[in-house]
Amino acid sequence: MWIEFCCAFIVIAALLYVPGCLFLRAFRSSWLSSIVCAPFFTVASYSLLSILYAKFGISASALTLAIPLTIIECIIFLCMHLREGKRPCTKPQRVLKRFSDLVNSDWLVLFCYIGFAAIVALFYYIKTLDGASSFAQDSDNSWHLSLIQSFCQSGNMSIFDATLFHDLKNSNYETLVPSVGSFYPAAWHIIAALAVQLVGVPVSLAANAANCVFLILVFPSSVFMLLRELFQGHNRILVLLGSLLCLAFAAFPWGMLVSVSGPLFPNFAGFSLIPLWMALFIRLFSDVSSIFRAKLICCLSFGIVTLASLHPNTLFTTALLLVPFCFCKLVSYAMSGDVSSTIRVRRSIISCIGFAVLVAAIWYIAFSSPVFYSIVNYNWVSYASPRQEFINIITLAFRFPAAQITLAVLVAAGLLYSVWERKYLWLSISYSIACFFCFVGATTDGAFKSFLTGFWYTDPYRLAAIAALVGIPIATLGLYAFLRIIKRVMNVLVSSDRKFRGTSILATATLIFFVISAYYPNYDAPGFGPVETGLGYYEACSTAANLQDRDNLYDREEADFVRHAKDIVDQHYCIYNNADDGSPFAYAFEGLNLCYRRSAAQLLDGGESRQSELLREKIDQLAYNEDVQKALKDANIKYILVLDLGGKITEERCFYGYYTPQKWQGINAIDDNTPGLKVLLSEGDMRLYEIELEEG
């Protein structure tokens, strides 16, 4: 399957970069900027086109989405290229010039970002997979994988009509859970669904490949653009150092990929593009031409659509991180001009107060909006005392149980460096705000916590990811500060003839020490016992979550049983199942027409119908209970799929945390002798029954 994985990776990379790159390059953006910024255009285009297609009843697929968009952009690119004409440059000269540009330009730095990210991702992401199509069987993932399947089956990929029941919502039959679609930030799912259609791979493999593309290409190049914009006044070495720390923070990206946090794949994809949007926004305030500024605004607009399509909280995250920058710019503009210092100070104070009031008003309006009501009122219970959370933040552990001490040292050094180099001070303020949000989320409960952190579900993993995002440039500054200290010390202690060699050796040793310390996995310290590192914890969790041979909700035997069941059932009829025994993955992977297509989390949110409750409690009475019979007929249910007969929780049989046997007493009471049922398939504690009721 690894060949298919590589094919899916290439296809997803092409889906993300080719159309957008051609579009931006057609309007004379540089090749580098066109490639890095391409996902803003492509993701926004796929999302908007999917909405339009759903509205006009057009099926969304690779054939109608990706291919036409690419062809149109190729035509635009060729037209613009022919209009510019050919430049008088011979081929050998052109080759030499491009090679020289490559060696002495930002391309080489970008390649370092991507190359180093590929090495880290190979060790910490791909290596932890138990095969290219392995998957974590958490509740959130049952939704992610099933939504990809729903997009592929139905051709409806609208983010305003996301549902797992596209095939049933327009039928004459009732569904046990609501089938009406609603808004969900599903751009990540669209990309994965297009890969499934183009390559013909399982949904889990497409999801893994999509994550790898964002991990290896999108996020590193996004960070590269931000650091290039921030540190353009320094030499390229400072930007290059960022490539070594891009994936070093356990809180992000790894904190959103680890199974215990969800996993949060769409949010991870959205956060991966935040540094790029920040870079373009910062560039907007530099000395550029009006035409270039218009291009930036256009790209930022596409970026807003992209971020919202991937996850709306990315917009709040971006705003939160950029507010200190905006304050700094306001003060800078207010303090300029040929007026007295008193007037400049007064103007600065008024500007800052006015902007603070505006930000607070927008925040309050959004918080009070019915659109965000269910999000901001979702609460993760506090988990740490104030003094413990203070240590968690200082050591960069956040919600992880493992500290990142050497990386924390770099962050501390970067914070001090920003105080000395004032133009980077706003980064430290952004980091402090993000850490304060983490502190409030971890140590408190109530209205104040919801008001501050509600846009992130008060989720400690998402809040920690915000701090990690802004922590990357700060840690880079810290590493740069250490190298500068080494240079100054060597200037004082070493004679001039050995100065360069000694400085190079010591600087290289320092880099190796910090990089190895930041990325080192778990290990045993003789005399002390096991030592858990930040990325080592992720590696252990991800390896365990992806292990397919362990006792799972949906193990290999159950997957084989479902494949046999698919050959037997008539897909025009619905199959009743226990939402918490792992069977929802039968829809995600085999497309079985299940009544419940994700875990019972959907039932706890007030989305259960009266018929669903009736069948959960009394479906075993189908032979004589007329209400049950009517519910079965109304829902077009002809089969019952049982993966754990009897529904008893044992060490070998896994259920979701929402599960209690009493809630599913109807299906748990079913056995091979239940009246009205015929055994179609039987293996171990797995059964496929056909409902045989007399017409009456």
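Modeller: Let us begin with a convention: Ala, Val, Leu, Ile, Met, Phe, Trp, Tyr, Cys and Pro count as nonpolar, Asp, Glu, Lys and Arg as charged, and the others, Gly among them, as polar. By class, 11 residues in the lining of the largest cavity are nonpolar, seven are polar and none is charged. Please keep in mind that this is a predicted model.

Colleague: How many cavities of 30 Å³ or more are there?

Modeller: A cavity is a space where a 1.4 Å probe fits but cannot get out. The count here is three cavities of 30 Å³ or more. The largest cavity holds about 140 Å³ of space. It is lined by 18 residues, and those closest to its centre are Tyr125, Ala136, Asn208, Phe265 and Asn546.

Colleague: Which elements give two or more residues to that lining?

Modeller: They are helix 6 (139-154), helix 8 (203-230) and helix 23 (534-546). Helix 23 supplies the largest share, four residues.

Colleague: Which residues line the second largest cavity?

Modeller: Its lining consists of Phe165, Leu168, Glu174, Thr175, Leu176, Cys574, Leu594, Cys595 and Ala635. By class, seven of the lining residues are nonpolar, one is polar and one is charged. The space in this second largest cavity is about 50 Å³.

Colleague: What does tyrosine 576 touch?

Modeller: Leaving aside residues up to four places away in sequence, its contacts include Leu176, Cys595, Leu615, Ile637, Ile640 and Trp664. In strand 4, isoleucine 640 is the bridge partner of tyrosine 576. Strand 3 (residues 574-577) and strand 4 (residues 637-642) run parallel and are joined by four bridges.

Colleague: Which way do the residues of strand 3 point?

Modeller: In a regular strand the side chains alternate between the two faces of the sheet. In strand 3, Cys574 and Tyr576 point one way, while Ile575 and Asn577 point the other way, and all are buried. Cys574 also belongs to the lining of the second largest cavity.

Colleague: Which value of phi does leucine 396 have?

Modeller: Leucine 396 has a positive phi of about 65°, although it is not a glycine. Its place is in the loop between helix 17 (386-394) and helix 18 (405-420). Phenylalanine 398 is found in the loop between helix 17 and helix 18, and its phi is positive at about 55° although it is not a glycine.

Colleague: Is leucine 396 buried or exposed?

Modeller: Leucine 396 is buried, because its relative accessible area is 3% and the cut-off is under 20%. Phenylalanine 398 is buried, with a relative accessible area of 3%.

Terms used: Residues are numbered from 1 along each chain as its sequence is written. This is a predicted model: local features need pLDDT of at least 70, side-chain atom pairs count only at pLDDT 80 or more; totals for chains, interfaces and linings use all residues. Side-chain values use heavy atoms; hydrogens and water are left out. On a 1 Å grid over the protein atoms alone, a cavity is a set of points where a 1.4 Å probe fits but cannot get out, and a pocket is an open set with protein on both sides within 12 Å along at least five of seven lines; lining residues have an atom within 4 Å of a point. Grid points are joined across faces, edges and corners, and a volume is the space filled by probe spheres set on the points. Contact means heavy atoms within 4.5 Å. Buried means under 20% relative accessible area, exposed over 50%, partly exposed in between (1.4 Å probe, protein chains only). Two strands pair if DSSP finds at least two bridges between them.
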